[in-house]
Structure formats: C-alpha cells, structure tokens
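Visitor: I am new to this structure. Could you show me how its terms are applied?

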Amino acid sequence: MSRVSLFDGFLDDAAVFPPGLKPLAQAVPDHVKHHSSGYGALVGPLVLAAPALAELDATVPLELAVTAPGGPAQLPDVLARAADLPVRLAGFEVAMPADAGVAEFFAALEVAGDVPVFVEVPRDSRRAEVIATCAKTGHQAKFRTGGVRAQLYPDEAELAAGIAAVVAAGVPFKATAGLHHAVRNTDPGTGFEQHGFLNLLAAAAAAREGAAADRLVPLLAERDGARLAALVSEVDTGARESFRSFGTCSIDEPVAELVELGLLAEGVRA
C-alpha cells in the first residue's frame, strides 16, 4: 500500500554531511533533481551548515534548513545571508553549548522571527527545562540519534523518554544522524546499534496515543521489518505533527527501503 502522504517532506536532504560529504556544487543540483522526481513529495529542505551559505551560488529557489555549529550567535548572519539568496529558511537548527544556561540560550533566538527554530535537546540535566521552554516559545526540538562514535547513539530507553517528553509537551521534533535505515539494526562495519526512522515514527504515534516511555522502548527496539511496516501502515498522518522529519545523507536509500517494505508504491522511484 502506498503511504506517500504519511512521508511527505519526511526526508531532510543532508547530503553534504558525514558520511555522505557530497560537495556543495553537486548537492544543490542533485537536490533539485530529487524534488522533480516521482518521490519529490517526500523530500524536505536541503540541510547546510551556516558557513556554507557564503559558498552557496543558488540560481534556482531552494528551501534550506541551516545548522549552526557556532551556536545561536550565528543566527543574525544566517538571516542576513538568506535574505540575499533565492532561498526560504525552513529551519534554523542549533545545539546548546555545554556551558550555556537555558534562559540566555533561548533569549539569543528571539531574533528568529517566523523562521522555525529546532533546538537540539541536550543529553544532560537541562533536558526537561529545554523541552518546557520550547513549549512556551513555540520552538521545536531536535534529537541527535547517532554519529561517528557509539556514545553518540542514545539507547532505546533514553530516546523513548525524550520522545515521550516532547510529545506530552506538544513540541514537534526532528531527528538527525545515525538513521541510515528504516529499521533498527546493527551496523556491520562499526558494530554500532542504529535506530530506524520507522521505529521513531511508530514510537511517536504511540506517544500521541498516550503511551508512556516504557511502552515506546519495544517499538524502538523492533528489528523485524515486516512487523514494523505493519505497525506503520496503521499510523495516522497526525503522527507527523510530532515527528516532522529526519536528516539523511542519502535520499535514494530510504525511498528504496520504504518501497521494499511495501509502504510506498514502486512507481515513486521513477
């Protein structure tokens, strides 16, 4: 069964980030091609780090999500540079520096205006206050779900607690890093335990129905693709109001896996 509507805008194009590391000059035309393909509706913004805006030579309109490795201080420059380009800022994504207080951090984001802000939720004692402040300010959350070291992957219990907390607070979220496959898996090269993006979607849907964090853990741990696909086939599109999107350095691979799991029609790959 085709579930294109459930996955509309689900795939943030993070081709320039590891492990893809596609050159910007190639990433931009490839992104445009993705949008004009049969699966174009599934593709969200092109994700770039703030410094890349100085190198961006956009000749066609683009939708961008911009990450801020230098923290919220980069926001004014991002807004200024975007204003001089044929782009729409679909999101400003920023992590809290380790030494930042919650109040001062969010105060620096007040200049964002109507640009959606995604705050990377810290994995420390500030987490609850950050989620509560996102709820008050209308900002959205971002979970880091992997990286180049095993320690960057939150386990199922930690991620379940985070998803339950943001859904309960009415804070939408996106996810980034480590979501290389639809289904929970062990990377054969690194041995890292990797979350599946469909696992997160199933967990978000269950949380919206009132499931507590401990009930989300088995959903995040599910490794049977057919079983998980059956669960997701019953997920209401409202789940995307909570789990907005995830960053992927490959657009083709998640589309192919969704087709193989029977959640998208074969024709969308054309």
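This is a predicted model: local features need pLDDT of at least 70, side-chain atom pairs count only at pLDDT 80 or more; totals for chains, interfaces and linings use all residues.

Visitor: Why is H195 called buried?

Guide: Buried means under 20% relative accessible area, exposed over 50%, and partly exposed in between (1.4 Å probe, protein chains only). H195 has 1% relative accessibility, so H195 counts as buried.

Visitor: What makes the link between H195 and R184 a polar contact?

Guide: A polar contact is a pair of N or O atoms within 3.5 Å; within protein, one must be able to donate a hydrogen and the other to accept it, and residues adjacent in sequence count only if both atoms are side-chain atoms. The side chains of H195 and R184 are joined at 2.9 Å. The H195 side chain also reaches the backbone oxygen of P154, at 2.6 Å.

Visitor: How do you know whether R126 is buried or exposed?

Guide: R126 has 13% relative accessibility, and therefore counts as buried. Its side chain makes a polar contact of 2.8 Å with the side chain of D124.

Visitor: What is the reach of helix α1 against the expected value?

Guide: The expected span is 1.5 Å times one less than the number of residues. Helix α1 (residues 24-35), with twelve residues, reaches 17 Å from first C-alpha to last, close to the expected 16 Å. Helices (H or I, at least four residues) and strands (E, at least two) are DSSP runs, numbered from the N terminus.

Methods: Residues are numbered from 1 along each chain as its sequence is written. Side-chain values use heavy atoms; hydrogens and water are left out.
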